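User: Hi! I'm new to this one and would like a friendly tour. Could you walk me through it?

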Amino acid sequence: MMTAVTTHEARPGARTARRRRAGLAGTLRSEVTKIISVRSTYWALVLLVLVSVAWSVASSTGTAAHWTHMSAQDRAGFDPTQSSVIGLVLLGQLVIVVLGALTITAEYSTQAIRTSLTVMPRRGLLYGAKAAVFAAVAVAVAFPASFLAWFVGQRLLASTHADATLGQPNVLRAILASAISVVLAGLFSYGLGAVLRSTAATITAVYGFFFLVPQLARALPTAWYDDAIRWLPGGQFDGAISTSGPPVSPHLFSTWGELAVLGGYTAVLLICGAVLLRRRDA
Amino acid sequence: MIEARSLTKRYGSTAAVTNLSFTIRPGLVTGFLGPNGAGKTTTMRMILGLDYPSSGTVTIGGVPYARLDYPMRHVGALLEARARHGGRTARSHLLTLAQTNDIPRRRVDEVLGLVGLADVAGKRTKGFSLGMSQRLGIAAALLGDPQILIFDEPVNGLDAEGIVWIRTFMRSLAAEGRTVVVSSHLMSEMENTADHLIVIGRGHLIADCGLDEFIARGSELALANGVRMQSPAPTKVSLEQAFMALTADSVDYHAGLPAGREAAQYGTEAGR
């Protein structure tokens, strides 16, 4: 059973001749291996694409079937792009925040974080590499998913002649905004996961922020609600992916303004997560 | 070489480790010994840069752990055998670690062979027994072919075969000139494995000396306290008895026995 272990002449703490050190490239490779070597990643990503497209199919098929019975006013108010990609925004977000949280909290629930930090004690670098790899995966899935959901939706709306084309005003903006909001929501969850270090707590809190708080805000008087809702991270996703021009209400931000609000919260959480990871005992 | 200078760790008002200074030298198996809750794990975590000392320093060859160029090539550590994502295969798990330190992929299969896990390299680690987990943890520690190896309670929960395997492995690593640090609360295990002992109790250093010297010191105290000797050599007690005598004031829970005299006697009976 025993085999001799080969010994290098390296001495503890001695600097290697070229003064190289374990750094970003290796850590990025390691994080890629981590994310692609567990099944939950694939489950989550397949689910994300499925629910987004399924929503688009259901919504477009339903609209196409009822089109002849719809009033002129309803037809004019129908936004074929928004109705195709809102599934990605609402349901896709439910999925991506789980994956974003797990990327960091699974390390805590298994205590693997201690091994990770022992092999890569530069904590900020580990945290950044993890976030970058997760973001890359989220981008690689969310953008194709948004275009796929949109194309499928427009195909199924063809009989109504109300289907949108990419060249129409704000259509591309809405498709991109839906994907961006998914990526940001995932990073939001990752940052909060680093702060809370618990899968259940993180997912509960993110669902609360995104879905519950905007509902509770409806209890506010209307004037306050409009002012409050635009500052909430999950407040105006449907507005952000609308193809109509500037927001109807002066109380609401534009598409990019809405994404900037979510991006701002995300940035703050990512920074809090980094600071706490560096400061706290692992 | 691992050097701790006045290492102190406080959690709120409780001190886990107080003013600990020691030097761990290469070529020996150093036993890190203490009752449960003595601060062994805390100290090891501070050596590895996982926990920050409240005061004092600990260095690896003169450098704080976090500043090592390639940590895995200097220090290999096994803290918690099961601390890993069970959904990954043994090979993927080791690969995620190796990649951070630019260790070539082939080394992963090398260490899997070394610890006897080559046959299950492609299996997800969720179903691994504790013994297999310990082997996988040791494989991870060996990835960077480090000069220093740190094992926290490596024989905990292992069957007899696993214990012998780990003991033999640790001895051979030290024989190759490596620094091996192994913590345990099992005296009988240390007696068979360690050359040198660092003993702590309630976070304080109790002894930092050779195994023989420790037993000699403990023997004096134990015999002075009236331990009934039933072994053929009445001037020397077992490590367990020596340990009980020297740490009698430092254990947290006595199972109803008062400290000192009785604790030392209890050692004789428990040592049967």
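**A hairpin to start with**

Analyst: Happy to! In this predicted model, strands S8(B) and S9(B) pair in the antiparallel sense, over six bridges. They form a hairpin with two residues between them, and Arg202(B) in the turn has a positive phi of about 45°.

User: Which residue stands opposite Cys209(B)?

Analyst: That is Leu197(B), with Cys209(B) sitting in S9(B).

User: And is S8(B) mostly covered or mostly open?

Analyst: Mostly covered: S8(B) spans residues 196-201, and five of its six residues are buried.

User: What does S8(B) do with S3(B)?

Analyst: S3(B) and S8(B) pair in the parallel sense over four bridges. Within that pairing, Thr30(B) has His196(B) as its bridge partner in S8(B).

User: How many strands form the open sheet, and in what order?

Analyst: Six strands of chain B form it, in the order S5-S6-S7-S3-S8-S9, with mixed pairing. The edges are S5(B), residues 75-78, and S9(B), residues 204-210, each pairing on one side only. On average, neighbouring strands are turned by 15° against each other, direction ignored.

User: What about S6(B) and S7(B), how do they pair?

Analyst: In the parallel sense, over five bridges; S6(B) covers residues 148-152 and S7(B) covers 179-184. Ile150(B) has Val181(B) as its bridge partner in S7(B).

User: Which strands does H6(B) lie across?

Analyst: H6(B) lies across S3, S6 and S7 of chain B, running at about 150° to S7(B). There is also H5(B), residues 130-142, which lies across S5 and S6 of chain B at about 165° to S5(B).

User: Switching topic: is Ser55(B) buried or exposed, and why?

Analyst: Ser55(B) is exposed because it has 12 other C-beta atoms within 10 Å, and a residue counts as exposed at 12 or fewer. Ser55(B) is found in strand S4(B), residues 55-60.

User: What is Ser55(B) in contact with?

Analyst: Leaving aside neighbours within four places in sequence, Ser55(B) is in contact with Ser6(B) and Thr8(B).

User: How far is Ser55(B) from His185(B)?

Analyst: They are 130 residues apart in sequence and 26 Å apart in space, C-alpha to C-alpha.

User: Over to chain A. How do H4(A) and H6(A) cross?

Analyst: H4(A) is residues 80-109 and H6(A) is residues 123-156; their axes come within 10 Å and cross at roughly 160°. The two helices are therefore roughly antiparallel to each other, since angles over 145 degrees count that way. The crossing is right-handed.

User: Which residues make that contact?

Analyst: From H4(A) they include Leu88(A), Gly92(A) and Ile96(A), and from H6(A) they include Phe134(A), Ala138(A) and Trp150(A). By class, the contact has 11 nonpolar, 10 polar and one charged residues.

User: Last one: how many residues of chain B are in contact with chain A?

Analyst: 48 residues of chain B, in contact with 41 residues of chain A. Helices H2, H3 and H6 of chain B each supply at least two residues of that side of chain B. The largest share, six residues, comes from H3(B). By class, the chain B side divides into 23 nonpolar, 16 polar and nine charged residues.

How values were computed: Residues are numbered from 1 along each chain as its sequence is written. Chains are lettered from A and ligands numbered from 1 in the order in which they are written. This is a predicted model: local features need pLDDT of at least 70, side-chain atom pairs count only at pLDDT 80 or more; totals for chains, interfaces and linings use all residues. Two residues are in contact if their C-beta atoms, placed from the backbone, lie within 7 Å. Ala, Val, Leu, Ile, Met, Phe, Trp, Tyr, Cys and Pro count as nonpolar, Asp, Glu, Lys and Arg as charged, and the others, Gly among them, as polar. Two strands pair if DSSP finds at least two bridges between them. Axes are lines fitted to C-alpha atoms, for helices over the stretch in contact, and angles run from 0 to 180 degrees between N-to-C directions. A residue is buried if 20 or more other C-beta atoms lie within 10 Å of its own, exposed if 12 or fewer, and partly exposed in between; C-beta atoms are placed from the backbone. Angles under 35 degrees count as roughly parallel, over 145 as roughly antiparallel, 65 to 115 as roughly perpendicular and the rest as oblique. A crossing is left-handed if the near helix is turned anticlockwise from the far one by less than a right angle, and right-handed if clockwise.
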